[in-house]
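Morning, everyone. Please have a look at the structure on the screen. I'll start with the sheet and end with a pair of helices.

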Amino acid sequence: MNILVIVGSQRRNGNTDQLTGLIKDHLRRLAAQHQVALDIETLYLGQQNLQFCRGCRICYDRGEEHCPVKDDLLAVKAKMLAADGLLLTSPVYVDDVSALIKNLIDRLCHVCHRPQFAGKVAYVVATTGSSRTGKTLETMTMALRTWGFHIAGQAGFKMGALMKRDQTLARFDAQAERAAHQLFTAIYRQSYLQPSFFALMMFKIQQMSWQRIGVPGTVDYQYWERQGWFDPRSTFYIPHRASALKVALARATGLLISRFVA
């Protein structure tokens, strides 16, 4: 089992880093209990060379490999694709994600058109001093869902300005353990094979949208063709085990909504 941890904070050993460390410790214990070989890689976004998106649309029109910004983005994306699970973490900055996380989301905008992370599991964590974490969690969760991730769960932690490690352990260890259990279990049990009603519905909306407005020959259209997602029998990005009733209801709902958004 391979898990990639992305820390969206500039502060090493800050609240987000400390909390992430607790979750990693519990992931290792769970792997040992289940006799699962576990590899965890931690990526600090503040140490990556990720420049701002220029809005040039080249990733849309020609493919992300032609992006004029030559930095670490494709290497970061490759690590995300290689991992079975993703732990995405951010401090709350002005009631939303950090600039590091927002920039990553912006630079991966092409994946909104070409969902490449189906079959991957993600868990989302936000830390804050005293404000709410809901908007931060929502921003990360919606991006990951659009990219095809199965969301195992999310958690917000109110930690004050800066907690000492022993304080973090005493106050948040149980919550960190729950987060680790949700992420580990979702990967271990292949929960992504049971897509949610929302995920099935969004696939249908995207399917109808690209069929109506997609331009044959474009990168996006060719990607959907290669995946076989235009086939009417295709009900999701990957083979799955969702019940026929849930699939039917989700597709009917998606078809109705697509008439207004496509």
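**The sheet and its helices**

Strand β4 (residues 121–128) and β5 run parallel, joined by eight bridges. Strands here are DSSP runs of E, at least two residues; helices are runs of H or I, at least four; both are numbered from the N terminus. Two strands pair if DSSP finds at least two bridges between them. T127 stands opposite F157 in β5.

This is a predicted model: local features need pLDDT of at least 70, side-chain atom pairs count only at pLDDT 80 or more, and totals for chains, interfaces and linings use all residues. Residues are numbered from 1 along each chain as its sequence is written, and side-chain values use heavy atoms, with hydrogens and water left out.

Now the whole sheet. It is open, with five strands in the order β2-β1-β3-β4-β5 and parallel pairing. At the edges sit β2 (39–44) and β5 (150–158), each pairing on one side only.

Helix α7 (residues 165–188) lies across β1 (2–7), β3, β4 and β5. Its direction is at about 170 degrees to β5. Axes are lines fitted to C-alpha atoms, for helices over the stretch in contact, and angles run from 0 to 180 degrees between N-to-C directions. Contact means heavy atoms within 4.5 Å.

Last, the helix pair. How do the axes of α8 and α9 cross? At roughly 125 degrees, and they come within 11 Å. α8 and α9 are therefore oblique (under 35 degrees is roughly parallel, over 145 roughly antiparallel, 65 to 115 roughly perpendicular, the rest oblique). F203, Q206, Q207 and W210 in α8 meet D220, Y221 and W224 in α9.
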